[in-house]
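Please open the structure in your viewer and keep the selection tool at hand. The stops below can be taken in order.

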Amino acid sequence: MRKILLLCFILGTVIRVAAQGTFPVNGAWDTRPGLYAFTNATIVVSADQTISKGTLLVKDRTIEAIGPGAAIPVPKGYIAVDLKGKFIYPGLVDAFTGYGLPAPAAGGGGFGRGGGGGAAAARPATPAKTGAYGWNEAIKPEVHVGTTFTADVARAEALKKLGFGAVQAVNRDGIVRGTSAAVTLGDEPDNLVMLKDNAAANYSFSKGSSTTSYPTSLMGTIALLRQTFLDAAWYKTSKDEYNITLDEFNKIQSLPQIFEVTDPQSVLRADKIGKEFGKQFIFKTDGKEYQRMDLMKATGGSFIVPVSFPKPYDVEDPADARNITYAQMKDWELAPTNPSALEKAGIRFAITSFGVDNARDFWAAIRTAMEYGLTEKQALRSLTEIPADMLGISAQVGTLAKGKHANFIISSDNLFKANTTIYENWVDGRPYVVSKMDVLDIRGNYTFNMDGSPALTLRIGGTTPAALDATIIRTGADSVQARGTLTRNGDIIGLYFDLRKNPAGNVRLSGYISGYSPVTMSGEAVMPDGTAGRWNAIRKDTLANRGGRPEAAKTTPVTGPVVYPFLAYGNAEIPKTETVLFKNATVWTNEKDGILKNTDVLIEGGKIKAIGKNLSAGSAKVIDATGKHISAGIVDEHSHIAASNGINEGAQSVSAEVRVADVINAEDINIYRQLAGGVTTSHILHGSANSIGGQTQLIKLRWGKSPEEMKFEGSDGFIKFALGENVKQSNGGGGGFGQNVNLRFPQTRMGVEQVYIDAFTRAKEYKAARAVKGSTTRRDLELDALVEILDGKRFITCHSYVQSEINMLIHVADSMGFKINTFTHILEGYKVADKMKAHGIAGSTFSDWWAYKMEVAEAIPYNGKLMHEVGVVTGFNSDDAEMARRLNQEAGKAVTYGKMSEEDALKLVTLNPAKMLHVDNRIGSIKVGKDADLVLWSANPLSIYAVAEKTYVEGVPYWDMEQDAVKRKALKAEQGKLIQKMTEAKAGGAGTQRPGGFGGRGPRLYECETTEADLDQLIGGNH
Amino acid sequence: MKKFISGLAAVLVTTTAAFAQPNIMPALPQGKPVVITGAMIHVGNGQVISNGYIAFDKGKITAIGEGAAPAVTGAEVISAAGKHVYPGFIAPITDLGLVEVESVKATLDESETGNMNPHIRTLIAYNTDSKVIPTLRSNGILLAQPTPNGGVISGQSSVVTMDGWNWEDVAYKTDIAIHLNWPVSRTGRGFGGGGFPGAAAAGADAGDRTQKEIDDLYAYFAAAQGYATIGKPAVTNIRFAAMAGLFNGTKKLFISVNNSKDILKAIAFIKKFGLKGVITGGNEAYLVADELKQNNIPVILEETQTLPNRTEDDVYLPYKMPKMLQDAGVLYSLTGIGFWRQRNLPFEAGTAAAYGLTKEQALSMITLNTAKILGIDKTVGSLEKGKDATLFISKGDALDMITIDVETAFIGGRNVSLDNLHKQLYKRYAEKYNLKQ
């Protein structure tokens, strides 16, 4: 049965009726005036306006009048409610909920997991949804929450307890999710609660329940979005096909555009694609904006942020505590600063209850955010006006004004104070009682008489009139103080307690409130021995401080700085370009000067300024490099670090449209680790799951910078191709390429050739068709990339192993009219080095890898030497986050195997890859005018004993071994401090979470062959 | 690390893989005494003899010292002036000879099905004709411990030399240890610390499951221990029979375990049954080094050239781990990983020397220390009179890739071939391109 309401003495039970609806009525119509007058209240109209002693008139579903009590007489027929001492606030608005919708489908969390990955094997590329829809099920603009929404009483009550009166209901399934609806939380027919049926268009990077295998990666997801924008634009004028998906996509573009993302990097990714198509997204995030606030501000977007701050971790056990990352600890400390940081940055943001289930936690989190500096005005605005404005429902809700929906909260005090009680939450002119108002407060000290017992004192306490506790006190010789268990139901009282002696055992009382002045209770008492008697209690006084402890004036807690990137070894301040003179070093110039002994190098303004003997320092910092070596920074031609959520878009054999540039992850610890191995430039490649993979990205390891800032500016575009066992899925099952085994073409090297011939044939025809004046040929990003190759504007680096396939691709390239820039891995390059040389193709190989699969059965460590001797531009690459940080020593193996000269050997990992990547004008050697990307080594850089002491990228010392020791010490100290803080929080009653498991919490490591499905298997412990 | 691809029974395997190179012959027995002179001799126990000599006959070292070598009648004298002599490197815990091509199931013999397989033996699966073996030999690795790695109790390992016609020839010490994969603590959080659906709730259950596995191990070993004391069992249990050596000290128990807490549990297990235990892997051994030292339990580390487990770890932590164990007084050794990568074992040791160890300590880590842990140090692991003449001559420092150049190698005095598939292919193509080698 519905709870007893404030006005139940008049109304009996409230019956919900449509004022005047289209629905037939069973029995007599029961339409009520719904006239209420709330008087003497402090009315917070909006964040900017408060009326004291105000009156609010409600007529049925809307606010009829609002203003100072003196100005608004209560008309006849209105039910008057005196709210003296109480507050009225606008009902809160939640801009992001799943209210009124089924739970999001499985797989909503990521890539290749749950529904997405598991089902992928069944459907390589078949249309997933019957009807004239688009090909990819994850694009579902045709889903309109307005058409499927149905009010959910239980969920509505939970939200109303928090204070919300209106919410946006979002279908959290798919990449393009269709439209959301704005609804009130009214307990009325669905027809009446709809505020706006198409409130916003919604997007995410998660394919959700889609069973289309594509995309399997984040970069594929972004590529799909990009293509969808283009397709939709094309469809506006196309007569070629009828496509509901594209039609609906176009229709929803004028709505507010909300993108559900997670961390700041995902905000940047969404923003980037938005800007490409002239859109400004509203970002619903995980609330980590504080980690990159300047970049968040620069997006110009608005945000919807949760207040689901992390709980402290269980850290008592030092071994377990080691499994909590610094980033997790730091986020625990800083997440509550996020709302205030957004406010300080001047970013428009709404606060959502997303991720917080109960009222106590929600309000505690809001108050915590305020302790950290969120102002009350901003908090209220972010919970009312801003979300209403975002959803285009400001005219209906968000503030209290005549004509708006009668959505408001009645509270005991200022809504943001700790002990404030929300009494009622009115939605559409109907009350929902959260906590009964005007309940007789029975707290106080009572003279307590019980038959057969000397006089006792009963103290009834508790934080609110409804949350009571009881203590029974006996003074004198056998003094005792016992906690009792008190129950109250209206005027009926129950109490039991154990005085431990005289008598021992539970004394049970039942009774009722028998008098009000003073409050008196009386009834029957049953002793432990079963004898019965009478009891009564008469209130002597009310407790002095019934609200519990007074609210202490809280000061803003002190927090540590944000570090960039947001993980261990991040910098609170990113180091700056230095002017440095290295004195007396052995300098490996990689130029015609060769290796210069006892030589100075001066760097300034990020460039190499001078090389020579006895250079004058000027204002430069002088580093004595006597006995040390300086080389150009290591260049890794084949790397998979610093990329988020997958480096293989393997669902299709041609995925030229995907771009690693879209998923650069600046928060990868391997960037720092590789700087510690002298790496300064890395070529981040798509994996080798398919014949034509994705577009690659060259980065400089600028630790702490944003993903965009890490990109090697102005470098040529490359694309990854792949041959052999990986693309023909030879090694599937158990490991390797779990997806689509034996389904996807090709399954042989014969098929691989035809994939290329088909792709480039299509690309040529496409290019010709697009060139025709007035062409209506749809722009296809996959073919665009291939056309770029044909036009010599994009360059191929091709994963390859055995001689037959290498020869094949050379022939295909010749016949189709394109060039191959580099064969990467190329472990049998030595067998066709003459052909590579003749075609001007570079070879980027491993130093000594072999025997890990059939196609490397004849891989030899002399490969580099042989290719080099034949005249191929040769390099060694890593394809491995570990090997990359000692590529200098991998180069040393060219000396081991084949006795390459040391000078040439070092070029394998510096100048030669720079040449392959067309950036040898900037990096790869030590030459005046080139970038100051340098490594100071303790010994011959090719030697196993060489340690990278300092690594500079454009004169910035991103790695410094001494500085690292300082950082490690500081890291320990800060972890210690945070652990102390967590222990205190736990002691203070905060709920906790368990630390993670050993080895299961490192960053994801990608190699050529890694698919997201593999990672799932790893997670399952199945590798 | 490259993912080892296994799985689908790829049937495309009637490959060249399992066949020997017909032109690389196992060595003949030592015919006459050999004296190496003028060398810098790295003894393996920390000592270095500069300008030293070493003489051996019938496979055993007969003399070693500094200065001029004593005259040995009929000896072949090898002048090694300016060169280095090392004891043969030992690769423990490897699937060398048990795997030929990682992705081809037909070539995989390192992991048996089932959880409790103390009775299975690597020795008889060890393929002396593997093409990988000569590539290791060429870098001074002259002994290895082919080791099983499946299930919970994986089986038994033996020590083999790296040159011979068949496994009987190369068996150096047979069935020396039983290998146990310690149940891993699972607290139920997944990748990236973010967890995965249902994981957090599974945390407590996962802990219970691990404890159950450990309880099962105690029960299993208790049963095996009991069985070992029965003179003539009514029903023979070949698994328990294989374990008898654990309880009389003739076999060691190698426990693969990484997490510090798990290592402590493994130590307790070793003590409970009074076993000769060895920790392998030992990623976090440095955190419980005192306990390892107190209980005289040695550690075989896996790779130095690897990444730290944790984002917060010292970026060089794996490089520095040997030094940490050295300082703590724990007996430690090192393996590379897998089989073909073991040819980098000397460089993995060299890395430890760049980050704290002395070069001679780094050498001990892959010679004498390993021999001690495997229980073969009476005959190999260092260059001492009476021990096997299992050694090699390198032109330069063999722990550094830019100086290693193994010219001659002896296993038990036999002058073994240093040719291999890779050298042959190099030669073949250098000739094709008319290059100088």
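Predicted model: local features only at pLDDT ≥ 70, side-chain atom pairs only at ≥ 80, totals over all residues.

Residues are numbered from 1 along each chain as its sequence is written, and chains are lettered from A and ligands numbered from 1 in the order in which they are written.

Select domain 3 (563-633 + 924-954) and domain 4 (718-922) of chain A, whose bounds come from an automatic or database domain assignment. The centres of these two domains of chain A, taken over C-alpha atoms, are separated by 32 Å. Where they meet, 15 residues of domain 3 of chain A are in contact with 16 residues of domain 4 of chain A (C-beta atoms, placed from the backbone, within 7 Å).

Next, select A:Ile88 and show its surroundings: leaving aside neighbours within four places in sequence, A:Ile88 is in contact with residues including A:Phe38, A:Leu56 and A:Phe408.

Move on to A:Asn502 and A:Pro503, which are joined by a cis peptide bond with omega about -5°. The peptide bond from A:Tyr564 to A:Pro565 is also cis, with omega near -5°.

Finally, turn to chain B and select B:Lys58, whose phi is near 50°, a positive value in a residue other than glycine. B:Lys58 is partly exposed, with 13 other C-beta atoms within 10 Å, whereas B:Ile93, with phi near 45°, is buried, with 29 such atoms within 10 Å (buried means 20 or more other C-beta atoms within 10 Å, exposed 12 or fewer, and partly exposed in between, with C-beta atoms placed from the backbone).

Terms used
Contact = placed C-beta atoms within 7 Å.
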